[in-house]
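User: Hi! Could you walk me through this model, one question at a time?

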Amino acid sequence: MSTLEIRDLHVSVETKEGPKQILRGVDLTVASGETHAIMGPNGSGKSTLAYSLAGHPKYHVTSGTVTLDGEDVLALSVDARARAGLFLAMQYPVEVPGVSVSNFLRTAKTAIDGQAPPLRTWVKDVRKAMDDLRMDPAFAERSVNEGFSGGEKKRHEILQMELLKPKFAILDETDSGLDVDALRVVSEGVNRVKENPDVGVLLITHYTRILRYIKPDFVHVFVDGKVAEEGGPELADRLENEGYDRFLTTATVI
Amino acid sequence: MTTTTDSLSTDHSKAVADGSHTHGVGGTPESSRASRPTSFDVADFPVPNGREEEWRFSPVDRLAPLFAGATDGVLSGHGVLTTVVEAPEVKVEIVDRGDARLGRAGKPGDRTAAVAWASYPRATVVTIPKEAVATEVTSIRVEGVEGGVQALEPSGTHLLVHAEALSQSVVVIDHIGHAALTETVEIVADEGAHLTVVTVHDWAEGSVHATSHRLRIGRDATVKHIAVTLGGDVVRITPDAEFVGEGANVKMLGLYFADAGQHQEQRLFVDHAVPNCVSRVAYKGALQGEGAHTVWVGDVLIRAAAEGTDTYELNRNLVLSDGARADSVPNLEIETGLIEGAGHASATGRFDDEQLFYLRARGIPEPDARRLVVRGFFAELIHEIGVPSVEERLIESIERELEKSMSVLDGTTAHVEGSEVGLTTEGA
């Protein structure tokens with residue numbers, strides 16, 4: 001049982017015009033076994049939260065804390081955060097030419113576990129996970145993300161999540177750009193991970209569509225860099241009917 | 001083009017005949033590559049001062065021992081030992097200077113090449129007989145004779161690799177130890193021959209080396225030429241490929257890795273003088289450390305007679321730290337419009353921060369992530385070599401280079417990645 005605790009998080013991002021404040025005091029607690037959906041209009045800071053948690057160098061935490069079972073996440077390097085159990089499924093996965101998927105997965109698994117996975121079970125695990133995600137075995141020999149279609153990139157992210165077994169998985173708009181078939185395959189993957197009660201999921205999305213496949217326990221609405229409203233799954237239904245207009249109006253008035 | 005800080009690239013995937021087509025920032029050659037003088041007479045090449053077109057990137061002071069300025073262009077040292085372990089089908093001879101087979105592939109094109117021609121006491125001739133299919137790799141080792149830094153004897157050597165008609169073979173030339181050597185490697189591929197020549201320059205520190213590779217490629221012959229440069233203070237390699245028969249194909253691959261203070265220069269010239277030949281050039285280099293300098297100049301000339309030519313050349317450089325400099329100059333001259341294709345691309349860049357972030361976000365520590373990226377950068381090129389034993393060795397060599405230099409990479413991280421400066425969330 002683990003807890004990821006975000007307290008009063010303020011984050012600014014580097015822009016050409018200088019630093020720009022994006023997150024303005026985010027509070028969020030995610031426990032193992034829970035699925036939290038983070039929703040909100042474009043520019044509300046959802047992805048900034050994801051990248052800040054992973055430690056992307058472009059994002060600067062100006063105040064607030066993030067702890068994982070009491071440990072200061074913000075003091076950790078990018079790779080140490082991943083080894084501590086955080087996983088970010090990226091919206092725009094990066095190409096790494098000349099590095100095969102199989103080599104990449106094995107290297108990452110070795111880094112996360114602190115030792116190389118036993119060869120026989122590892123090969124079997126990879127094959128099974130790829131099969132579950134309807135990925136052709138030949139995929140393993142391709143260079144990481146190079147020439148992948150949008151759907152292949154997202155499946156590859158979920159593949160990593162299944163194999164690396166994080167404590168907390170942050171999915172940054174994994175659903176965007178996917179057709180219904182790919183969305184279903186990806187959602188099945190997330191649900192397989194969710195079956196493990198030791199995993200917490202932070203599902204960042206712009207659309208309610210994915211919530212038909214992945215049931216959240218909690219829904220948080222981000223507006224202007226902080227949580228504007230929170231609730232259970234019923235909040236997602238309301239958003240589906242009403243959209244974000246209500247929040248945008250409120251934000252403008254304030 | 002020259003770069004130390006920015007990512008630069010040119011891409012003319014489909015160049016056209018516009019009389020002459022030449023690219024390069026910082027001075028284009030004033031005349032066609034065809035008019036560059038070549039000669040067997042060392043007197044025709046004055047000692048370079050560094051202002052000449054073909055020496056403008058070179059540290060001429062460090063190369064001075066190979067210019068033989070004080071000895072009328074002749075070196076009398078015996079500073080290297082050449083050992084050949086040949087495939088059973090292959091013939092090896094040590095011949096005198098006057099042997100009629102020598103000097104048939106082109107002529108020296110610069111001072112060091114002319115000095116090499118003037119200096120070798122005897123030459124090594126490796127012959128792959130007509131229609132022979134070599135069942136093993138032929139290994140040639142050129143080794144600096146131990147003598148310590150002070151006792152370097154500047155020397156000249158000559159090697160001829162002659163692949164007779166319809167033969168098939170792989171020849172690997174290794175350069176090791178400590179030496180000051182100017183060398184000629186003649187590579188002659190007769191009709192229909194298939195020849196792969198790998199030349200590896202992994203000299204010890206303090207070594208200075210210039211080598212003129214002259215390729216003469218006959219009708220329907222296929223030559224793969226691979227130049228690898230890892231060790232040595234200054235290594236300057238000038239592979240010239242000349243087509244003398246139609247339907248021939250040359251692939252010239254290069255891989256180099258320069259550390260602090262190393263100068264690695266490769267100047268290629270592909271001369272399309274006859275119709276329907278194909279050339280592909282791909283050189284990739286990595287640089288790290290203060291004063292690491294690489295030069296790649298790729299000249300391709302498509303003469304008026306060379307209709308149906310298909311050529312493409314590429315150079316990529318990965319700058320791993322501050323203080324390193326990569327010069328990359330592709331030149332393409334086209335004298336006929338009746339060609340299949342002609343293009344070139346050149347790019348010099350730094351580590352991609354987003355690549356590193358992606359790998360690190362999967363738990364891979366930064367030094368390992370950097371290693372993965374560099375390995376990946378070279379992987380494609382290495383796999384094109386097609387000789388498994390050589391591929392494995394090169395992968396190991398790259399690993400060693402990376403191992404040797406991780407301190408350099410670690411130490412300069414903050415400079416390489418400007419975006420990390422001031423990153424408050426970065427821990428130890």
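Analyst: Happy to. Helices here are DSSP runs of H or I with at least four residues, numbered from the N terminus. Please keep in mind that this is a predicted model.

User: Thanks! In which helix does Leu239(A) lie?
Analyst: The helix to look at covers residues 233–242 of chain A. Leu239(A) belongs to that run, which is helix α7.

User: Is Leu239(A) buried or exposed?
Analyst: A residue is buried if 20 or more other C-beta atoms lie within 10 Å of its own. Leu239(A) has 22 C-beta neighbours inside 10 Å, so it counts as buried.

User: Which residues does Leu239(A) touch, not counting those up to four places away in sequence?
Analyst: Ala89(A) is 150 residues from Leu239(A) along the chain, and their C-alpha atoms are separated by 24 Å. With residues up to four places away in sequence set aside, the partners that Leu239(A) touches are Met39(A) and Thr208(A).

User: What are the edge strands of the open six-stranded sheet in chain A?
Analyst: That sheet has mixed pairing and the order β6-β9-β10-β3-β11-β12. From one strand to the next, the twist averages 20°. An edge strand pairs on one side only, and here the edge strands are β6 (86–89) and β12 (226–231) of chain A.

User: Which residue of β11(A) stands opposite Ala37(A)?
Analyst: Strand β3 (residues 35–39) of chain A pairs with strand β11 (residues 218–223) of chain A in the parallel sense, over four bridges. Within β11(A), the residue opposite Ala37(A) is Val219(A).

User: At what angle does helix α1 of chain A run to β6(A)?
Analyst: Helix α1 covers residues 46–54 of chain A. α1(A) lies across β3, β6, β9 (168–172), β10 (200–205) and β11 of chain A. Its angle to β6(A) is about 140°.

User: Chain A also has an open sheet of four strands; what are the edge strands there?
Analyst: The strand order in this sheet is β2-β1-β4-β5 of chain A, with antiparallel pairing. The strands that pair on one side only are β2 (18–31) and β5 (71–72) of chain A.

User: How are α5(A) and α6(A) oriented to each other, roughly parallel or roughly antiparallel?
Analyst: Two packed helices are described by the angle between their axes and the distance between the axes. Helix α5 (residues 150–164) and helix α6 (residues 180–194) of chain A have axes 10 Å apart and pack at an angle of about 10°. Angles under 35 degrees count as roughly parallel. The two helices α5(A) and α6(A) are therefore roughly parallel.

User: How many nonpolar residues does the contact of α5(A) with α6(A) have?
Analyst: On the α5(A) side, Ile158(A) and Met161(A) are among the residues that meet α6(A), whose own contributors include Val185(A), Val186(A) and Val190(A). By class, the contact has two polar and four charged residues, and the number of nonpolar residues is seven.

User: What are the end C-alpha atoms of helix α4 of chain A apart, and what span should the helix have?
Analyst: Just after α4(A), Arg134(A) takes a positive phi of about 55°. Helix α4 of chain A has 14 residues (119–132), which at 1.5 Å a residue should span 20 Å. The end C-alpha atoms agree with that, being apart by 20 Å.

User: Over to chain B. What percentage of its residues is buried?
Analyst: Chain B has six helices and 20 strands. Of its contacts with a separation of 6 or more, 85% are between residues 24 or more positions apart. Of the 428 residues in chain B, the buried share is 53%.

User: Which residue in β16(B) is the bridge partner of Leu253(B)?
Analyst: Strand β16 (residues 278–287) of chain B is mostly covered, with eight of its ten residues buried. Strand β14 (residues 249–258) of chain B pairs with β16(B) in the parallel sense over ten bridges. The bridge partner of Leu253(B) in β16(B) is Ala282(B).

User: Finally, which element gives the most to the side of chain B that touches chain A?
Analyst: The contact involves 29 residues of chain B and 29 residues of chain A. Elements that give two or more residues to the chain B side are α3 (353–360) and α4 (366–383) of chain B. With nine residues, the one that gives the most is α4(B).

Methods. Residues numbered from 1 in each chain as written. Chains lettered and ligands numbered in written order. Predicted model: local features only at pLDDT ≥ 70, side-chain atom pairs only at ≥ 80, totals over all residues. Buried ≥ 20, exposed ≤ 12 C-beta atoms within 10 Å, placed from the backbone. Contact = placed C-beta atoms within 7 Å. Pairing = 2+ DSSP bridges. Axes fitted to C-alpha atoms, helices over the stretch in contact; angles between N-to-C directions. Parallel < 35°, antiparallel > 145°, perpendicular 65-115°, else oblique. Nonpolar A, V, L, I, M, F, W, Y, C, P; charged D, E, K, R; others polar. Expected span 1.5 Å × (residues − 1).
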